[in-house]
Every structure is written in C-alpha cells, then in structure tokens.
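Welcome to this guided tour. Please open the structure in your viewer and keep the selection panel at hand; each stop tells you what to pick next.

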Amino acid sequence: MADIEDTHFETGDSGASETYPMQCSALRKNGFVMLKLANALVVLSSTAEDGEIEVRISARPCKIVEMSTSKTGKHGHAKVHLVGIDIFSAKKYEDICPSTHNMDVPFVKREDYQLTDISDDGYLCLMADNGDLREDLKIPEGELGQQLRADFEAGKELLCTVLKSCGEECVIAIKTNTALDK
C-alpha cells in the first residue's frame, strides 16, 4: 500500500470527449462540426495483449458555411452536403452524410484575454478576467498577426479572442479594449 502513496501525478485527464454526437439533419449553418479530411489518414494500431484494433480517421473542427439537403432517393436517405472552414487553419472541407446519421460536433470554447506584452520570440502575454497570466500562445500568422503587432506597438489596449477546441487553441480575432475608458 505504501507504493501507492508515493505515486505522484502531474496532471489528470477526466477522459471527457472533445466532441458529442448530433444528427446530421439537426446541424445548422454557422454551427460547428468535425469534418473528415479529403485524403483521410486512417491510423491503425493494435495491442498484442487483447487483439483489438483501433481505427481513427482524422477530422478537423470546422464552422459550417454552407449546407444543402438532397431529396430522398428511391434507394435511401436524404443526404446532407456540408461545407466547412477549419476554425484554426481556415482550410475548406466538405462532406456528405445521410441526414439520419450522427456526426461529431466539437466542444468549442471562446474566451477574451487582455494583451499585456509580446515577447521577443513571438509569444503573447495574455491576462484573463481573473488576473491569471498565460504566455503559451504565439502571434497568429498572416494579416491578423501583423495587425496585432502594429496595434500593440502603437500603444492600443487590445483584447485577443482565443478559440479552444480538440486540444488546440489560437487567437482568432483582436479588438480594442473599450472597458478601460470607463
């Protein structure tokens, strides 16, 4: 029993899922869905102990930008054609699914942080509403990153909107902090 007491765990994972199922016909435009990659990578892994094979198909959290439903044919269900934009990479993905089947919907969390500093190596120093600091997000690439750096160097107080889903997070938008004026 003493060896159990000596065990130290750094972090714990509740094992909660990063997605939940939803019937395809219940999905809506501007909602979120996990869309499979066009050339989906199928990962097969097996363990010698129990002989089970695990199959994982790569999918990305996407925002639905276009959705259309075909009529029921004489041989099956109505089909839903989904077009989505990856919420992190802005790549476009498409999928077709029978309307009665379930699709995975990602849990997406959106949070605003006040930008306090930008380090020399390109990491943002962000402060949450409760005063906690985090310095683990890089400046976004592209036009958003350039705008963020320019506004910060100009002395503007900025709020960064961070989107988190499926173990990934990134800054997706910035805005001027108007709460400081009051």
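Before the first stop, a word on strands: two of them pair if DSSP finds at least two bridges between them. Helices (H or I, at least four residues) and strands (E, at least two) are DSSP runs, numbered from the N terminus. What you have on screen is a predicted model, in which local features need pLDDT of at least 70 and side-chain atom pairs count only at pLDDT 80 or more, while totals for chains, interfaces and linings use all residues. Residues are numbered from 1 along each chain as its sequence is written, and side-chain values use heavy atoms, with hydrogens and water left out.

**The whole chain**

Start with a cartoon view of everything. The protein chain holds two helices and 13 strands. Of its 182 residues, 28% are buried, where buried means under 20% relative accessible area, exposed over 50%, and partly exposed in between (1.4 Å probe, protein chains only).

Zoom in on strand 6 (residues 79-86) and strand 7 (residues 92-98), an antiparallel pair joined by seven bridges. Which residue of strand 7 is the bridge partner of L82? Pick D95 and you have found the partner. Five residues lie between the strands of this hairpin, and A90 takes a positive phi near 65 degrees there. On to strand 5 (residues 59-69), which is antiparallel to strand 6 and joined to strand 6 by seven bridges. Here E66 stands opposite V83 of strand 6.

Strand 9 and strand 12 run antiparallel and share six bridges; look for Q114 opposite L159.

Show side chains for L115, L124, L126, L148 and V171. These have the most contacts inside the largest nonpolar core, which has 13 residues. Such a core is a set of buried Ala, Val, Leu, Ile, Met, Phe, Trp, Tyr and Cys residues joined through side-chain atoms within 4.5 Å. Strand 9 (109-118), strand 10 (123-127) and strand 12 (158-165) each supply at least two of its residues. Centre on L148: leaving aside neighbours within four places in sequence, its contacts include L115, I118, P140 and C160. A second, separate core has twelve residues, among them C24, L27, Y93 and M103.

**An aromatic pair**

Searching the whole structure turns up one aromatic pair. Select Y20 and F107: the ring centres are 4.9 Å apart and the planes are at 45 degrees, so the pair is tilted. Rings of Phe, Tyr and Trp (its six-membered ring) pair if their centres lie within 6.5 Å; planes under 30 degrees apart count as stacked, over 60 as edge-to-face and the rest as tilted. Y20 is in strand 1 (residues 19-23) and F107 in the loop between strand 8 (102-106) and strand 9, so the pair ties together parts 87 residues apart in sequence. Y20 is partly exposed at 31% relative accessible area, and F107 is partly exposed at 47%.

**Two loop residues**

Most residues other than glycine have a negative phi. For the last stop, select N30, whose phi is positive at about 70 degrees. N30 sits in the loop between strand 1 and strand 2 (32-36) and is exposed, at 52% relative accessibility. Then pick C166, with a positive phi near 55 degrees, in the loop between strand 12 and strand 13. C166 is partly exposed, at 21%.

Methods
Contact = heavy atoms within 4.5 Å.
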